[in-house]
There are 2 protein chains.
Amino acid sequence: MWMAELARRSGLSVATIKFYLREGLLDSGERAGATRSRYDESHLRRLRLIQALTDVGGLRLEAVRQVLAGIADASSPHDAIGAAHTRLAPPGDDHSPPSQAALDRVDSLLRRHGWELAPGHPQASVLASSLDALDGLGHRLSDEMLDAYASALGPVAELEVASVQRADLEATIESAVIGTVLQEPILLAIRRIAQENVSRDAG
Amino acid sequence: MWMAELARRSGLSVATIKFYLREGLLDSGERAGATRSRYDESHLRRLRLIQALTDVGGLRLEAVRQVLAGIADASSPHDAIGAAHTRLAPPGDDHSPPSQAALDRVDSLLRRHGWELAPGHPQASVLASSLDALDGLGHRLSDEMLDAYASALGPVAELEVASVQRADLEATIESAVIGTVLQEPILLAIRRIAQENVSRDAG
């Protein structure tokens, strides 16, 4: 397809698409003359991914660039999920380094649920910092609550990973990244709805 | 306690505390002479809440002001949770208005789980917009997945609401708001950890 059709089908302006081309976020099309290039479905899919990461995921351009680099380097969906998690801004940025006690609590949690993380993995430190912050407010989160989160989210993660689309490796990876980033607002919205309903019943 | 002790115990500078006083986020202390005021535990607790909302919750000052106003007006923890959800920036800001089809899907979800939301509630629209965004990417989220989220988070919400501290109404309300906002990064971190572990096993 020509640039005009790419713009129409992606809902983006030609100027925006040219900006992504210049920034290297979108691969060049196939040259078809001095001033024209042809684009295909992979370009369209990439534009939709960029748009989703910026609009719904709220990522800045630099973070999008890093996620796309992670996708390019990944050799499996598991790699891509890891790369996306590592490069994406962790939920709740700018934490001070976590305490050893909190890191130990995270380790125990992982062991209780049979999970593993590479040493120094950013999610472990995000989790530990958040526990420290709650401790500092005198609102220590109990191990019972942590276990409840882990027990609730384990089976959900099975379904999430199983629902990743597997047309080809690139599609699989994009689908895994989309699932990770773009379903978070959905999970949080449902949690808030559940809380309001439970707290209404609790009076 | 005097200002110096309030600063020491809160970990904030005197300048920051005076800024919060000027901005009306913190109530004045009890006058004890021309230039001194006494503060009590309620001031300390309020400072910790402000700090948590800005540092861990990532809220801007204007959003903090709105959450605190919601707490001040609330007559029950349920009211306070509702006020906080309504005034907090929804997860994933700046959505276009959701489609009617997505709003209908949210309604059906609520009905299937015996939940209710006031008409026009912002969480319903956040949820519907996120569903639209995934649809636009060709990654329709199945009702099965939505039901899995709701089924997983319902029992968790029961525990969350039950764990709210209930010393007095103000403490209860602050605890409810902290639980809503500050546990979100924890939930998301555990979800990402679960996904990485499941996807590693799935290969």
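Me: Why is Arg65(A) called partly exposed?

Reply: Its relative accessible area is 27%. Buried means under 20%, exposed over 50%, and partly exposed in between, with a 1.4 Å probe and protein chains only, so at 27% Arg65(A) counts as partly exposed. This is a predicted model, where local features need pLDDT of at least 70 and side-chain atom pairs count only at pLDDT 80 or more, while totals for chains, interfaces and linings use all residues. Residues are numbered from 1 along each chain as its sequence is written, chains are lettered from A in the order in which they are written, and side-chain values use heavy atoms, with hydrogens and water left out.

Me: What makes Arg65(A) and Glu23(A) a salt bridge?

Reply: Happy to go through it. A salt bridge is a side-chain nitrogen of Lys or Arg within 4 Å of a carboxyl oxygen of Asp or Glu. For Arg65(A) and Glu23(A) the N to O value is 2.8 Å, so the pair meets the definition. Arg65(A) sits in helix H4 (residues 61-73) of chain A and Glu23(A) in the loop between helix H2 (14-22) and strand E1 (30-31), so parts 42 residues apart in sequence are tied together. Helices (H or I, at least four residues) and strands (E, at least two) are DSSP runs, numbered from the N terminus. Glu23(A), with a relative accessible area of 30%, is partly exposed too.

Me: Which class does Arg105(A) fall in, buried or exposed?

Reply: Buried, because its relative accessible area is 12%. Arg105(A) forms a salt bridge with Asp143(A), with the closest N and O atoms 2.8 Å apart. Asp143(A) belongs to helix H8 (residues 143-162) and Arg105(A) to helix H6 (residues 100-112) of chain A, 38 residues apart. Asp143(A) is partly exposed, at 35%.

Me: How do you know that Arg191(B) and Glu184(A) form a salt bridge?

Reply: Their closest N and O atoms are 3.9 Å apart, and the cut-off is 4 Å, so the pair qualifies.

Me: How many residues does each chain give to the contact?

Reply: Chain B gives 74 residues and chain A gives 74 residues, where contact means heavy atoms within 4.5 Å. The area buried between the two chains is about 7300 Å², with 71% from carbon and sulfur atoms. In chain B, Arg191(B), Arg192(B) and Glu196(B) lose the most area to chain A, together 10% of what that side buries. Buried area is the accessible area (1.4 Å probe) that two parts lose on being put together, summed over both.

Me: What makes the relation between chain B and chain A that of a two-fold axis?

Reply: A rotation of 180° with 0.0 Å of shift along its axis superposes chain B on chain A, at an RMSD of 0.0 Å. That is the relation of a two-fold axis. The superposition is by least squares on the C-alpha atoms of residues with pLDDT of at least 70 in both copies. The same surface serves both copies, as 100% of the contact residues of chain B recur in chain A.

Me: Which residue of chain B comes closest to the rotation axis?

Reply: Ala152(B), whose C-alpha lies at 2.5 Å.
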